[in-house]
Amino acid sequence: MFVPPGQKESRVIFYRNSAACGVVALAPQCKRIISDPRYTYECLTESSYTLTIPAENMIEYEQGSVWRCAYPGGGGFRSPDVTLNVSSK
């Protein structure tokens, strides 16, 4: 997720099935305000953030989960919803 140009807040919210599962901010170092220990959150730059699901956590629990991220500063900036399909092979 990228912070939209011209916006003041350097943070994003990650959602799993419409529930916040992580908030990551740069203040001034990378800070995980809310984080689920099953996932890895990182600040790539002051305007780019990632959430990674480690392979060992790719279990049936994640099958069909719907993910998105959003910028909390207003303006309706968010990613499209993405459904996770876990392969059994």
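Cys30 has a relative accessible area of 27% and therefore counts as partly exposed, where buried means under 20% relative accessible area, exposed over 50%, and partly exposed in between (1.4 Å probe, protein chains only). This is a predicted model, in which local features need pLDDT of at least 70 and side-chain atom pairs count only at pLDDT 80 or more, while totals for chains, interfaces and linings use all residues. Residues are numbered from 1 along each chain as its sequence is written, and side-chain values use heavy atoms, with hydrogens and water left out.

Cys30 is bonded to Cys43, with the sulfur atoms 2.1 Å apart, in the 1 disulfide that the structure holds; a disulfide is a pair of cysteine sulfur atoms within 2.5 Å. This pair links distant parts of the chain, since Cys30 belongs to strand E3 and Cys43 to strand E4, 13 residues apart; helices (H or I, at least four residues) and strands (E, at least two) are DSSP runs, numbered from the N terminus. The torsion about the S-S bond of Cys30 and Cys43 is about 75°, so the disulfide is right-handed. Cys43, with a relative accessible area of 18%, counts as buried. The sulfur of Cys21, by contrast, has its closest cysteine sulfur in Cys69, at 9.9 Å, which is too far for a bond. Cys21 is buried at a relative accessible area of 8%, and Cys69 is buried at 10%.

The strands come next. Strands of a sheet pair through backbone hydrogen bonds, either parallel or antiparallel, and here two strands are taken to pair if DSSP finds at least two bridges between them. An open sheet of 5 strands has the order E3-E2-E1-E6-E7 with antiparallel pairing, and its edge strands are E3 and strand E7 (82-83), each of which pairs on one side only. Within this order, strand E1 (residues 11-16) and E6 pair in the antiparallel sense over 4 bridges, and Ile13 stands opposite Ala70 in E6. E4 is joined by 5 bridges to strand E5 (residues 48-52), and the two run antiparallel. A hairpin connects E4 to E5 through 2 residues, and Thr40 stands opposite Thr52 in E5.

The largest nonpolar core has 14 residues, of which Phe14, Cys21, Val24, Tyr39, Tyr41, Tyr49 and Trp67 touch the most other members; such a core is a set of buried Ala, Val, Leu, Ile, Met, Phe, Trp, Tyr and Cys residues joined through side-chain atoms within 4.5 Å. At least two residues of this core come from each of E1, strand E2 (19-26), E4 and E6.

Aromatic rings bring some of these residues together. Rings of Phe, Tyr and Trp (its six-membered ring) pair if their centres lie within 6.5 Å, with planes under 30 degrees apart counted as stacked, over 60 as edge-to-face and the rest as tilted, and by this rule there are 3 aromatic pairs. Tyr39 lies in the loop between strand E3 (30-35) and strand E4 (40-45) and Trp67 lies in strand E6 (residues 66-70), so the pair ties together parts that are 28 residues apart in sequence. Tyr39 and Trp67 are both buried. Tyr71 and Phe77 have ring centres 6.4 Å apart and planes at 70°, so this pair too is edge-to-face. Tyr71 counts as buried at 5% relative accessibility, whereas Phe77 counts as partly exposed at 36%.

Charged side chains complete the picture. The structure holds 4 salt bridges, a salt bridge being a side-chain nitrogen of Lys or Arg within 4 Å of a carboxyl oxygen of Asp or Glu. Among them, Arg16 and Glu62 meet at 3.0 Å, N to O, and they link distant parts of the chain, with Arg16 in strand E1 and Glu62 in the loop between E5 and E6, 46 residues apart. Arg16 is buried at 13% relative accessibility, and Glu62 is buried with a relative accessible area of 0%. Arg78 forms a salt bridge with Asp81, the closest N and O atoms being 2.5 Å apart, and salt bridges that share partners join Arg68, Arg78 and Asp81 into one network. Arg68 also lies over the face of Tyr15, at 4.0 Å from the ring centre, where a charge sits over a ring if NZ of Lys or CZ of Arg is within 6 Å of the ring centre and within 35 degrees of the ring normal.
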